[in-house]
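Subject: Structure handover

Hello,

Please find the structure below, handed over for your use. My notes on what was found in it follow.

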Amino acid sequence: MKEKVFMILKIVVALAAVAGILFILLQPEEPVSQPTATGKTVEDMIGTDEAESVTFRGKTYLHKKNVKSYLLMGIDRDGEAVPAENLFAGQADTLVVLVVDADAEAYTALQLDRDTVMDVEVLSPDGTTVVDAQFMQICLAHTTGTGMEDSCENTVRAVSNLLCGEKIDGYASLTMDAMPLLNDAVGGVPVTIEDDFSQDDPSLVRWETITLDGQQAYHFLRGRMSVGDGTNASRMRRQREYLSSFLKKLRQCVAQDSGFAVSLYQDLKPYMVSDISGKEINELAGMLPKYQNNGFVNFSGEHLINEGYMEFHVDELNLCETLLSLFYDEVEVVG
């Protein structure tokens with residue numbers, strides 16, 4: 001039974017890397033961040049050694065002691081997870097940070113927009129050296145290097161920097177060819193087609209509810225620029241619907257076949273790159289089924305088109321509020 005739960009968790013973690021969810025958009029109350037009692041803004045202090053205690057809007061917060069974060073990535077690349085050819089390691093089109101709070105016995109998924117712009121390190125083709133830093137979309141952090149551990153670690157650094165230095169305790173990535181495999185393994189996944197897929201896959205007829213086969217699932221989850229309004233937000237909405245439906249089918253399959261999870265995980269391994277240890281997976285497997293699921297959160301911000309490319313600019317105040325809610329506890333100051 002323990003092995004079964006262990007494998008189910010690995011599959012859910014891998015799927016989350018492919019099917020990110022847009023669930024909550026937090027709205028800022030003020031256009032700029034307020035200074036703390038020390039004269040520094042929360043952006044200056046969150047995620048640093050000075051952030052043991054911060055003051056924000058007259059309230060004091062302490063950094064949580066027993067919180068861990070895991071970055072889950074869906075890579076826009078076909079085939080198995082092997083070293084990249086032609087110097088293109090694939091964009092990290094889906095980025096989800098799973099934040100696990102052991103003291104609160106709860107976990108939250110922070111969905112990052114792949115179009116978020118920031119300073120990103122650029123790796124040499126062999127992934128051994130940082131050769132530059134450029135202001136670009138965060139999804140491009142994975143495109144340099146070999147597409148293996150070095151590209152994942154470069155993405156981890158970019159995400160940590162976006163989160164004001166918060167530590168990422170582990171990562172897992174999955175290529176797109178794993179998606180048809182997952183879909184067909186559970187016998188197809190029912191969804192309602194809300195976007196116009198006529199240019200991408202005419203078999204996905206708008207407003208019809210259908211059970212996706214593997215190739216349709218691939219288009220449903222990956223399609224963006226030629227689908228509907230072409231935005232990443234619409235794709236994230238589709239991924240949310242798909243994940244919810246997929247998990248229902250997965251639970252049915254596992255209930256009917258005790259060996260289903262083990263077999264499926266073995267099929268996924270060629271498409272995955274991860275540094276999450278067996279010990280950590282065991283710990284998560286023991287905790288998460290008992291913990292409260294707080295759902296998914298997103299940063300609010302503004303989408304702009306710059307020289308033909310979409311940019312998402314995170315609202316700094318909302319970023320601070322979200323990081324405080326995930327990584328800090330409010331405390332009462334006496335005196």
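To start with the interior, Arg-238 is buried, with a relative accessible area of 2%. Its salt-bridge partner is Asp-195, and the closest N and O atoms of the two are 3.0 Å apart. The pair joins distant parts of the chain: Arg-238 sits in helix α6 and Asp-195 in the loop between β9 and β10, 43 residues apart. Asp-195 is buried as well, at a relative accessible area of 7%.

Before the rest, a word on confidence. This is a predicted model. The average pLDDT of the chain is 81, and 83% of the residues score at least 70. Helix α3 (residues 149–162) has the highest confidence, with a mean of 98, while helix α1 (residues 2–18) has the lowest, with a mean of 42. The pLDDT stays below 50 over residues 1–43, a stretch that has 123 contacts in the model beyond near neighbours in sequence. It is also below 50 over residues 47–51, where the corresponding number of contacts is 11.

Overall make-up

The chain has 335 residues, and 53% of them count as buried. It contains 9 helices and 15 strands. Of the contacts between residues at least 6 apart in sequence, 66% join residues at least 24 apart. The accessible surface is about 15400 Å², and carbon and sulfur atoms account for 50% of that.

Salt bridges

The whole structure holds 10 salt bridges. In one of them Arg-235 pairs with Asp-93, with 3.6 Å between the closest N and O atoms. Because Arg-235 lies in helix α6 (residues 232–256) and Asp-93 in strand β4 (residues 91–101), this pair ties together parts that are 142 residues apart in sequence. Are these two residues buried or exposed? Arg-235 counts as buried at 3% relative accessibility, and Asp-93 counts as buried at 10%.

A further salt bridge is between Glu-121 and Arg-157, whose closest N and O atoms are 2.9 Å apart. Here strand β6 (residues 117–123), which holds Glu-121, is linked to helix α3, which holds Arg-157; the two residues are 36 apart. Glu-121 is partly exposed, with a relative accessible area of 29%. Arg-157 also counts as partly exposed, at 33% relative accessibility.

Helix α9

Helix α9 covers residues 316–327.

How many of the 12 residues of α9 are buried? The number is 10, so α9 is largely enclosed by the rest of the structure. The buried set consists of Leu-317, Asn-318, Leu-319, Cys-320, Glu-321, Thr-322, Leu-323, Leu-324, Leu-326 and Phe-327. An α-helix has 3.6 residues a turn, so residues three or four places apart point the same way.

Ser-160 in helix α3

Ser-160 belongs to helix α3. Its relative accessible area is 14%; the cut-off for buried is under 20%, so Ser-160 is buried. Leaving out residues up to four places away in sequence, Ser-160 touches Gly-165, Glu-166 and Ile-168.

Backbone angles to check

Most residues other than glycine have a negative phi. Trp-207 has a phi near 75 degrees. It is placed in the loop between β9 (189–192) and β10 (209–212). With a relative accessible area of 58%, Trp-207 is exposed.

Glu-307 has a phi near 55 degrees, also a positive value in a residue other than glycine. Glu-307 is in the loop between β13 (301–306) and β14 (309–314). Its relative accessible area is 74%, which means that Glu-307 is exposed.

Regards

Methods
Residues numbered from 1 in each chain as written. Predicted model: local features only at pLDDT ≥ 70, side-chain atom pairs only at ≥ 80, totals over all residues. Heavy atoms only, no water. pLDDT = per-residue confidence, 0-100. Helix = DSSP H or I, 4+ residues; strand = E, 2+ residues; numbered from the N terminus. Contact = heavy atoms within 4.5 Å. Buried < 20%, exposed > 50% of the residue type's maximum accessible area, 1.4 Å probe, protein only. Expected span 1.5 Å × (residues − 1). Areas by Shrake-Rupley, 256 points an atom, 1.4 Å probe, with all protein chains shown as cover. Salt bridge = Lys/Arg side-chain N within 4 Å of Asp/Glu carboxyl O.
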